[in-house]
Structures are given as structure tokens and as C-alpha cells.
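Reader: I have a model open and want to talk it through. Can you take my questions as they come?

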Amino acid sequence: MVDEGKYLKNIKKGMKVEIKTKQGKMIKGIVEDLGSRKEYDSEGIQVMLKTGEIGRVRTIFPDKIPSEVDDLLKKGENNRIEFKSEALWSLNKTEQEIKDSKSLDLHTFRHKASKVIIARSIAALLNTQGGNLIIGIKERKDSSNHFEITGIEEDLNKLKTQGKDADKDGYKRMVIDDIIRPYFPSKVYNQLGHYIKIEFEDHNSKTLCNIKINKSPIKIFLSLEGRKVFMIRTETESRQIVDEELVDYCMSRFSN
């Protein structure tokens with residue numbers, strides 16, 4: 001609509017607009033604050049952009065095309081989608097925190113616990129139908145918003161304290177060298193592109209790590225503390241199976 005920039009109800013912080021300044025310059029940018037309080041202004045609603053320029057809205061640009069992560073968030077966790085808030089939350093735990101924790105994983109794997117959990121999630125999807133593991137999304141059980149986008153920034157800070165590259169490339173290397181290489185069969189590490197693809201997406205100023213996981217043609221056993229562990233994904237849960245259940249599953253899933 002030609003006049004949409006004249007109505008206050010149409011203007012929101014964070015949206016992309018084009019404004020006309022007092023000097024007559026046309027500038028595109030993101031709305032930082034609204035200067036108009038009237039519901040309608042024939043000259044256009046006055047706003048300040050994130051870059052500091054002030055002017056009246058001439059054009060409102062449509063929201064960005066929904067990304068793959070937007071689509072996955074709408075679907076929520078299921079047998080092909082899993083969300084994790086961090087991959088390195090256990091890295092800096094103190095001895096007392098480990099001792100006081102009720103987490104069996106933390107007691108068993110100590111500072112490597114969070115990486116082991118990510119490894120199990122990847123293996124579960126490989127052994128089932130494939131899917132996406134997105135790191136940087138936290139479940140909020142006490143909120144009407146089921147999930148909160150937290151990003152991997154806290155993980156990046158932990159990488160920095162270790163003297164490692166605290167960027168997307170450094171994070172990708174961490175996933176490959178500290179999760180895939182030590183816990184997965186060498187075939188997965190050596191032919192990584194056949195099994196997983198690690199991508200990143202900036203989402204509302206937060207960076208998400210989207211690990212795209214293919215359905216594996218072979219059985220994937222993790223090596224954890226000298227034990228072979230087989231994981232599957234069922235509904236919204238990644239779980240280990242053993243004994244007769246493991247045999248039956250493998251005969252059905254990998255029979256061809």
C-alpha cells in the first residue's frame with residue numbers, strides 16, 4: 001500500500017523501511033525507535049534508524065523470506081528435528097558443581113558430557129531417518145513460547161577462553177574434531193560429507209548451528225568410555241537401545 005508508512009500501527013521496531021530525511025535523502029535501514037505518537041501522519045511516521053538517521057517512512061519492506069530454521073522452529077521437535085541450547089555447557093564445570101549435579105552424564109563424562117550428548121543426538125538421527133540438530137535453541141517449559149533462540153555465542157566465548165578460534169569456522173572444527181572424530185566410526189569422519197553437513201544461520205542477531213544429518217546406510221555405533229553405544233530417534237527423544245531390541249531394529253532398518 002502506498003500510504004502504509006503514514007499509519008503508526010504499521011511501523012514496528014526492527015522492521016526494514018526507507019525513510020526521507022529533512023535534507024531530502026532517501027535512506028534504507030532498520031527501525032530503532034519511533035518518533036511519532038500520532039496514529040496517522042500525512043507526512044509519514046517519523047522514526048530513527050539503527051544507524052542514527054531520522055526521517056519519515058516512505059516505504060515498508062516485507063519481512064524476510066522464512067529460512068529453513070524458521071520452518072523447523074514452527075514444526076518443533078519430532079523424530080527428525082532436535083534442538084540443543086549448547087554444545088559446551090559442561091566445559092567449565094567445577095569439581096564441586098560436578099559432584100553436586102544430579103546429571104548422570106556429568107558424573108560419567110565430566111567436562112566432556114555436553115559433547116557426548118551432542119554425539120548421541122547426531123548418531124540417533126543417523127541411525128533413524130536423518131534430520132536436523134540445531135544448536136542454539138533452548139526449551140522453555142515455563143513459558144508460552146516453547147523454544148527460545150539463545151544462539152551459540154556462549155559456546156563461542158568458551159572456545160575463546162581455550163585459545164581457539166571463536167567464530168563459525170572454529171565452531172565447525174570443534175564439532176568435527178571434538179565430537180565426530182573421537183566418538184564416531186572412522187568412516188564417518190573420513191567421509192563426513194556423506195553423513196552430515198554443518199551450516200550456520202544468523203537469526204535475530206543470534207547465530208545458530210544447523211547440523212544436517214543424512215540417513216546412514218550403515219549402523220553407527222558410538223565409542224563412549226570403551227563401550228559401543230547404539231542410538232535411535234523416536235518421536236521427540238534420542239535413546240539407546242540394546243540386546244534383543246537392538247538386533248530387531250538393525251534387522252529391520254539395515255536389512256537391505
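Reader: Which elements each supply at least two residues of the lining of the largest pocket?

Author: This is a predicted model. In it, β5 (81-84), α4 and β7 (137-139) each supply at least two residues of that lining.

Reader: And which residues lie nearest the centre of the largest pocket?

Author: Phe83, Lys84, Ser85, Ile137 and Glu139 lie nearest the centre, out of 14 lining residues.

Reader: What is the lining of the largest pocket like by class?

Author: The lining has 6 nonpolar, 6 charged and 2 polar residues. The space in the pocket comes to about 260 Å³.

Reader: How many bridges join β11 and β12?

Author: The antiparallel pairing of β11 and β12 has 4 bridges. Leu224 stands opposite Arg227 in β12. The two strands form a hairpin with 2 residues between them, and Glu225 in the turn has a positive phi of about 55°.

Reader: Then what about the turn between β12 and β13?

Author: β12 and β13 also make a hairpin with 2 residues between the strands, and Glu235 in that turn has a positive phi of about 55°. Strand β12 (residues 227-234) pairs with β13 in the antiparallel sense over 4 bridges. Across this pairing, Arg233 stands opposite Ser238, and Met231 stands opposite Gln240.

Reader: Changing topic: which strands close into a barrel?

Author: Those are 4 strands with antiparallel pairing, in the order β1-β2-β3-β4. Neighbouring strands of that sheet are turned by 70° against each other on average, direction ignored.

Reader: How many bridges are there between β1 and β2?

Author: Strand β1 (residues 16-20) and strand β2 (residues 26-34) pair over 5 bridges, in the antiparallel sense. Met26 in β2 is the bridge partner of Lys20.

Reader: And β9 with β10, parallel or antiparallel?

Author: Antiparallel, over 8 bridges, with β9 covering residues 196-203 and β10 covering residues 206-213. Ile198 has Ile211 in β10 as its bridge partner. The hairpin of these strands has 2 residues between them, and Asn204 takes a positive phi near 50° there.

Reader: Stepping back, how many helices and strands does the protein have?

Author: The secondary structure comes to 9 helices and 13 strands.

Reader: Why is the protein described as more spread out than a compact globule?

Author: For 256 residues the globule rule gives 18 Å, and the radius of gyration of the protein is 24 Å, well over that, so the protein is more spread out than a compact globule.

Reader: What box do the C-alpha atoms fill?

Author: Taken along the principal axes, the box is roughly 75 × 45 × 35 Å.

Conventions
Residues numbered from 1 in each chain as written. Predicted model: local features only at pLDDT ≥ 70, side-chain atom pairs only at ≥ 80, totals over all residues. Heavy atoms only, no water. Pairing = 2+ DSSP bridges. 1 Å grid on protein atoms, 1.4 Å probe; cavity = no way out; pocket = protein on both sides within 12 Å on 5 of 7 lines; lining within 4 Å. Points joined across faces, edges and corners; volume = space filled by probe spheres on them. Nonpolar A, V, L, I, M, F, W, Y, C, P; charged D, E, K, R; others polar. Rg over C-alpha atoms; globule rule 2.2 N^0.38 Å. Axes fitted to C-alpha atoms, helices over the stretch in contact; angles between N-to-C directions.
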